Amino acid sequence: MAPPEPEVFDVVIFGASGFTGKYVIREALKFLSPSSPLRSLAVAGRSRDRVAAALRWAAAPAPPPDDVAVLVADASDSASLAALASRARVVLSCAGPFRLHGHAVAAACAAAGADCLDISGEPEFMERVEAELHEPAAKSGSLIVSACGFDSVPAELGFLFHSRQWAPPSALVTVEAYVSLHYTKRIVGNIGTYESAVLGVASADQLRALRRSRPRRPRPNIPGPTPPNGSLIEAHNPLGMWAMKLPSADTTVVKRTLSTITEHPEGLPGAEETPEYAKHRKNFWSSVKPAHFGVKIASKSLVVLLRSVIMGLSIGLLANSPLGRYLLLRYPEFFSTGLFSRAGPTEEEVRSGSFKMWFVGHGYGDAARALERGGKLDKEVITEVSGPEVGYITTPIVLVQCALVLLTQRGNLPRGGVYTPGALFGPTDLQRRLQENGMSFDVHGTRSML
């Protein structure tokens, strides 16, 4: 006989039967234990049968645990979401595209006082949630954090790790992140990621309107000149690779974190934080240097980049018209040049993947040079974040570890509100947790550019 269900679960995974959701279940099961912070778990989605099948897949070859509950909830049914959120300490929201399915989940959590982490990489969704739900979440005691997957925790923690390498009197000015994906098997992405990209481009006007409607947030004080925009494709860089500007969520999320820390130079005080953590938090943020930040996709093969260029141009040209969106979503394999498909990757393809994200920072060896007219940047630092396949291994690792931070260190975090992962988790032990679960943070070197 199965044990009785608890009234409130430590974690509820919503969208559990989706392609990414089932990998999140598998990762969460690794930490489900009576002696773990994760003592109770539920999985949820529209179809009980499909969610139960995803649980069996995730638990295999062992049978699914009897104490994992299967709940039914639908993003289009507010009552079912309210019931789900009322039974969760932390909801892991995995049902995308998030601009279609994510807001209702976050709103239910804000109303119920449950914490909500999602894996969105959609700027318009994330910023709308911040605009509309920050106050309700702060009032109810709900922490809502988007981009808790490969978008955008490696970029956020990688930037903070890089920034802290610039000890005084040096001054950081600009950081470029170069993302390189590696697979020993040819892999195709799942259609959900592609759909999010199409709908993200289609909502660009809405994002601009949203930003115009909100008060302008403070910008950090960065020494030296603003870097030039540069070319779309870069042939010469310190890594010796081809690179292309990537319009990813990482750039906007990191910039939002820097704005938050400009408003709160000592970071975000916890509701019931210990004196030791308060001291650590202040010391951590005092060592972080703001910088101009951008992201590029890098490869030793120009052909790989050109395929991404063709996909980007196709989406950019067609996504803003109804017919164009229909064609993009109807024929993803064609318009993505084979990079995405409805079937998604196989288990073997997923296991073959890995990533490297290099952070190339430029600045001044002595901050006093930043005050000199025309002072040339004379110092370079290169750091790296690396890990396993991005969508179905790294993303679940990051999401589950963020949840474990909430379960173990909740008093050291703000009572509630909508925040970026860097602003919230930066001073916590999240980086250490990720390193213990397959990711690496390394310093490659420092050199003078004189």
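The second largest cavity of this predicted model has a volume of about 40 Å³. Here a cavity is a set of points, on a 1 Å grid over the protein atoms alone, where a 1.4 Å probe fits but cannot get out, and lining residues have an atom within 4 Å of a point. Grid points are joined across faces, edges and corners, and a volume is the space filled by probe spheres set on the points. The model is predicted, and local features need pLDDT of at least 70, side-chain atom pairs count only at pLDDT 80 or more, and totals for chains, interfaces and linings use all residues. Residues are numbered from 1 along each chain as its sequence is written, and side-chain values use heavy atoms, with hydrogens and water left out.

The lining of the second largest cavity is formed by Leu 268, Tyr 277, Arg 281, Trp 285, Leu 413, Pro 414, Ala 423, Leu 424 and Pro 427. At least two of the lining residues come from each of helix 10 (275–286) and helix 16 (421–425), where helices (H or I, at least four residues) and strands (E, at least two) are DSSP runs numbered from the N terminus. Helix 10 provides the largest share, three residues. By class, eight lining residues are nonpolar, none is polar and one is charged; Ala, Val, Leu, Ile, Met, Phe, Trp, Tyr, Cys and Pro count as nonpolar, Asp, Glu, Lys and Arg as charged, and the others, Gly among them, as polar.

In the whole structure, the search finds two cavities of 30 Å³ or more. The largest cavity has a volume of about 50 Å³. Its lining consists of Met 126, Ile 144, Ser 146, Ala 147, Val 253, Arg 256, Val 418, Tyr 419, Thr 420 and Pro 421.

Ala 147, one of the residues lining the largest cavity, lies in the loop between strand 6 and helix 6. Its phi is near 60 degrees, a positive value in a residue other than glycine. Most residues other than glycine have a negative phi, and most peptide bonds are trans. Ala 147 counts as buried because its relative accessibility is 0%; buried means under 20% relative accessible area, exposed over 50%, and partly exposed in between (1.4 Å probe, protein chains only). Thr 337 also has a positive phi, near 50 degrees, and is placed in the loop between helix 13 (332–335) and strand 12 (340–341). With 22% relative accessibility, Thr 337 counts as partly exposed.

Met 126, another residue of the largest cavity lining, is among the buried residues of helix 5, as are Phe 125, Val 129 and Leu 133. The buried residues of this helix are covered by elements including helix 4 (98–112), strand 5 (115–118), helix 8 (204–213), helix 9 and strand 15, with contact meaning heavy atoms within 4.5 Å. The 18 residues of helix 5 (residues 123–140) should span 26 Å at 1.5 Å a residue, and the end C-alpha atoms are 24 Å apart, which agrees; the expected span is 1.5 Å times one less than the number of residues. A kink of about 60 degrees lies at Leu 133, shortly before the proline Pro 136, the bend being the angle between axes fitted to the seven residues ending at a residue and the seven starting there. After helix 5 comes Gly 141, with a positive phi near 85 degrees.

Two cis peptide bonds are described next. The bond from Gly 96 to Pro 97 is cis, with omega near -5 degrees, and Pro 97 is in the loop between strand 4 (88–93) and helix 4. The bond from Pro 168 to Pro 169 is likewise cis, with omega near 10 degrees; Pro 169 belongs to the loop between helix 6 (153–163) and strand 7.

Met 241 is located in the loop between strand 9 (233–234) and strand 10 (242–245). Met 241 counts as buried because its relative accessibility is 6%. Beyond its neighbours within four places in sequence, Met 241 is in contact with Ser 180, Glu 234, Ala 235, Ala 298, Ser 299, Lys 300 and Trp 358.

Conventions: 1 Å grid on protein atoms, 1.4 Å probe; cavity = no way out; pocket = protein on both sides within 12 Å on 5 of 7 lines; lining within 4 Å.
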